Amino acid sequence: MSGRTEGGAVERCISAIRPFPGRVISLALLSPRPAFAHASDRGHVLLLPTGYYVVGGALAVAASFLVLALLPPDSLDRFWRKRLPLFTFGDGARTAVSLVSFAGFAILIAAGLFGSRDPLSNPLPLTVWTLLWVGLALLQGLAGDLWSWLNPWYGPCRVASRLSGRTQPYLLPQRLGYWPAFLLFFAFAWFELIDPAPDDPARLAWAAGLYWLLSFAAMQVFGYRDWTLRGEFLTLFFSMVARFAIVERSADGRLKLCWPGAKLLAAAPLPLSGVAFLLLALSSVSFDGLSKTFFWLGWVGINPLEFPGRTALIGIGSFGLVLTFAVLAAVFALAVFLGQNLADSKHSLGHAAGLLVWSIVPIALAYHFAHYLTALLVDGQYAIAALSDPFALGWNLFGTADMSIEAGVVAGAGSAWRLWNLQAGVIIAGHMLAVLVAHGLAWRLHAIPARAALSQFPLTVLMIAYTVLGLWLLATPSAG
């Protein structure tokens with residue numbers, strides 16, 4: 001899906017509607033004039049003035065920094081503190097919901113092992129890569145921590161705890177920090193972006209089933225709460241993303257509406273392992289987009305019009321994934337370091353980076369939305385259809401097995417133009433919100449507003465550069 005295997009759902013849909021995309025790409029490449037091109041998911045090229053979008057996006061992020069630097073801290077503090085009470089929502093049904101989720105997960109694993117071999121008709125890859133990794137991540141960023149109810153470990157762990165009567169698990173060493181989750185997240189990113197066939201139902205079933213078993217065993221040893229907070233990467237990622245949501249839940253179960261990103265301002269500084277985890281979340285999605293561009297393929301010596309498939313790129317892809325993370329981490333550390341020196345801060349680099357890295361969350365969410373939008377629109381339809389007939393036996397459990405797939409939502413000049421504007425708008429808005437959050441966090445480090453604003457100048461430059469990169473990744477032709 002979205003180009004994970006060698007020939008994904010979106011490519012098939014577009015190629016079925018437009019039989020000769022190579023001609024469009026070739027004409028764009030051979031044109032003697034400067035071409036402003038937008039490539040929607042996998043090579044649908046449409047001439048658009050993307051240079052204006054890039055300049056406009058960069059100016060919008062820069063302008064947001066200047067406006068925030070001039071505003072008094074008290075006015076923004078009052079803005080962030082506003083809440084709208086809703087209702088109380090208890091945890092009584094959480095175990096039951098998780099057990100239902102676990103049962104659904106078990107059915108999906110069985111479907112992966114014994115169902116259709118076609119990734120577009122088997123519900124396991126469609127659910128994992130589209131509904132979970134894309135859809136639920138975006139819902140977490142909007143509505144809050146739904147994963148704490150839906151994850152397939154909470155209910156089974158509660159049942160196992162009652163049956164065994166064990167209440168004192170071993171302690172997970174504090175010195176490990178979030179490194180277990182970081183390593184597992186990197187393995188997940190490698191499997192998604194580098195492995196030759198992460199969409200293969202049986203291959204994915206073995207990987208997902210083994211991961212569930214290993215995580216369940218770790219929860220029995222170290223306790224559910226400790227392992228999910230520092231070892232289980234999905235829970236950690238979703239909990240970090242949920243801090244951006246507009247729904248806040250207090251300790252007594254009271255739900256309140258808040259501004260997007262308001263909960264990030266109260267977050268505690270992360271250790272080095274937590275900083276690395278959040279930067280990996282952004283860099284992995286960025287590399288997913290970069291690795292398919294004509295620029296990257298040409299740089300590594302691959303003819304983009306004769307894409308050899310993922311199997312031939314395992315080595316260079318692994319190197320690129322590590323390199324992208326290393327570059328982002330180094331540039332982020334440099335921006336924080338320069339900002340601390342400009343403001344003559346007394347805080348350590350680790351403390352400042354651990355706090356300011358929370359401003360990455362809006363950017364990571366924006367990239368997640370923009371990069372996977374077309375896959376969600378098309379593969380999401382396949383997922384709804386496949387869930388009605390998980391074992392390809394002719395069932396129609398939810399009445400959607402025979403639904404027609406509307407590939408036109410990502411095909412055609414009009415659709416590409418609308419998608420591009422939506423994706424570009426979300427990326428620009430995400431960076432502007434990141435600047436807003438970063439300023440709020442900077443005031444926790446610097447009591448003097450002028451110093452807080454000065455400390456954010458290098459980080460704002462980085463965000464402007466990343467805005468340009470994000471828009472360029474959306475606009476440049478891609479292959480594979």
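## A charge over a ring

Let's start with Arg243, whose charged end sits over the ring of Trp358, 5.3 Å from the ring centre. Here a charge sits over a ring if NZ of Lys or CZ of Arg is within 6 Å of the ring centre and within 35 degrees of the ring normal. Arg94 has its charged end over the ring of Tyr154, with 3.8 Å to the centre.

This is a predicted model: local features need pLDDT of at least 70 and side-chain atom pairs pLDDT 80 or more, while totals for chains, interfaces and linings use all residues. Residues are numbered from 1 along each chain as its sequence is written, and side-chain values use heavy atoms, leaving out hydrogens and water.

Buried means under 20% relative accessible area, using a 1.4 Å probe and protein chains only.

## Aromatic pairs

Rings of Phe, Tyr and Trp (its six-membered ring) pair if their centres lie within 6.5 Å; planes under 30 degrees apart are stacked, over 60 edge-to-face, and the rest tilted. That rule gives 30 aromatic pairs. Trp133 and Phe237 form a tilted pair, because their planes meet at 35°, with ring centres 4.9 Å apart.

Trp133 is buried at 2% relative accessibility, and Phe237 is buried at 6%. Tyr367 and Tyr466 make an edge-to-face pair, 5.4 Å centre to centre with 85° between the planes. Both Tyr367 and Tyr466 are buried.

Terms used. Buried < 20%, exposed > 50% of the residue type's maximum accessible area, 1.4 Å probe, protein only.
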